[in-house]
Amino acid sequence: MLFDMDGTLFDSEPLWDVSLADLAEMLGGTLSIETRRRVVGGNLRSTARIVQGDLGVEADVEKSAAWLLERTRQMFALGVPWRPAAQAVVESVRRSGIPTALVTSSHRALVDEVLAQLDPGMFDTVVCGDEVTHPKPHPEAYLTATERLGVDPHNCVALEDSPPGIAAALGAGCLVVAVPEDGEALADGHGAVVVPLETVTVDRLISLLAARTG
């Protein structure tokens, strides 16, 4: 079982809202709603590049990305809440003995802040955005996770919430279940099965996978 982090398991998007708005202000502009939507699921460099482009600002992308990383790390250190029902889903998967991986576009510095707030060993492996050569929507992160777990990606379910993450998991060959907070944001699924997070159970995931392979 493969889990995305931001917006899928954890309600971290409001924290990103703050750090992204702060980045835009630091660059001398204001973050628009449309720009915020565009960067969901992206990596730090692409996010910084999009924000700068939309503001019409010429700045060092690497410096903007580093600034955004540190500001977001400060926000995460204050506490990152689970999305409703998410912890129960992960714990039920663990009780079933199914291998788990956290597969995220976030950098290790942010992920470690989240992991420090959880019980040790909740995930068998963790793949972060700065630990792969090609971040989402490239499938490398998911392929890395399944290789570490020693499983066939075609026999795996990935929980995601954004088009880049869905594309990455699909590219790896996984069955993708989308659990967006705003169901309308992924109305067509982008190739994933869209279900409310609170209705996700181990039995349902197994049934979806069986139907796909059957």
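A helix is here a DSSP run of H or I with at least four residues, and helices are numbered from the N terminus. The legends below describe close-up views of a predicted model.

**Figure 1. Gln 52 within helix 3.** The residue Gln 52 is found in helix 3, which covers residues 44–55. Gln 52 counts as buried because its relative accessibility is 4%, and the limit for that class is under 20%. Leaving aside residues up to four places away in sequence, Gln 52 touches Leu 27, Val 57, Ala 59, Asp 60, Val 61 and Ser 64.

**Figure 2. Glu 13 and its contact with Arg 36.** Glu 13 belongs to helix 1, made up of residues 13–26. With a relative accessibility of 18%, Glu 13 counts as buried. A polar contact of 2.6 Å joins the side chain of Glu 13 to the side chain of Arg 36.

**Figure 3. The aromatic pair of Phe 3 and Phe 123.** The structure holds 3 aromatic pairs. In the pair shown here, the ring centres of Phe 3 and Phe 123 are 6.1 Å apart and the ring planes lie at 65°, so the pair is edge-to-face. Distant parts of the chain are linked by this pair, whose members are 120 residues apart: Phe 3 is in strand 1 (residues 2–3), and Phe 123 is in the loop between helix 6 (108–115) and strand 3. Both Phe 3 and Phe 123 are buried.

**Figure 4. The aromatic pair of Phe 10 and Trp 82.** The ring centres of Phe 10 and Trp 82 are 4.4 Å apart, and their planes lie at 35°, so this pair is tilted. The pair links distant parts of the chain, 72 residues apart: Phe 10 is in the loop between strand 1 and helix 1, while Trp 82 is in the loop between helix 4 and helix 5. Phe 10 has a relative accessibility of 1% and therefore counts as buried.

**Figure 5. Ala 85 and its positive phi.** Ala 85 lies in the loop between helix 4 (61–77) and helix 5 (86–95). Its phi is positive, at about 80°, although Ala 85 is not a glycine. At 31% relative accessibility, Ala 85 counts as partly exposed.

Figure 6. The peptide bond that runs from Lys 136 to Pro 137 is cis, and its omega is near 15°. Pro 137 is found in the loop between strand 3 (125–127) and helix 7 (140–149).

Figure 7. Cys 128 is in no disulfide, as the nearest cysteine sulfur, that of Cys 174, is 17 Å away. Cys 128 counts as buried because its relative accessibility is 0%. Cys 156 is likewise in no disulfide, and the nearest cysteine sulfur, again that of Cys 174, is 5.4 Å away. Cys 156 counts as buried, with a relative accessibility of 4%.

How values were computed: Residues numbered from 1 in each chain as written. Predicted model: local features only at pLDDT ≥ 70, side-chain atom pairs only at ≥ 80, totals over all residues. Heavy atoms only, no water. Disulfide = S-S within 2.5 Å. Buried < 20%, exposed > 50% of the residue type's maximum accessible area, 1.4 Å probe, protein only. Helix = DSSP H or I, 4+ residues; strand = E, 2+ residues; numbered from the N terminus. Polar contact = N/O pair within 3.5 Å; in protein donor to acceptor, adjacent residues only side chain to side chain. Contact = heavy atoms within 4.5 Å. Phe/Tyr/Trp six-rings, centres within 6.5 Å; stacked < 30°, edge-to-face > 60°.
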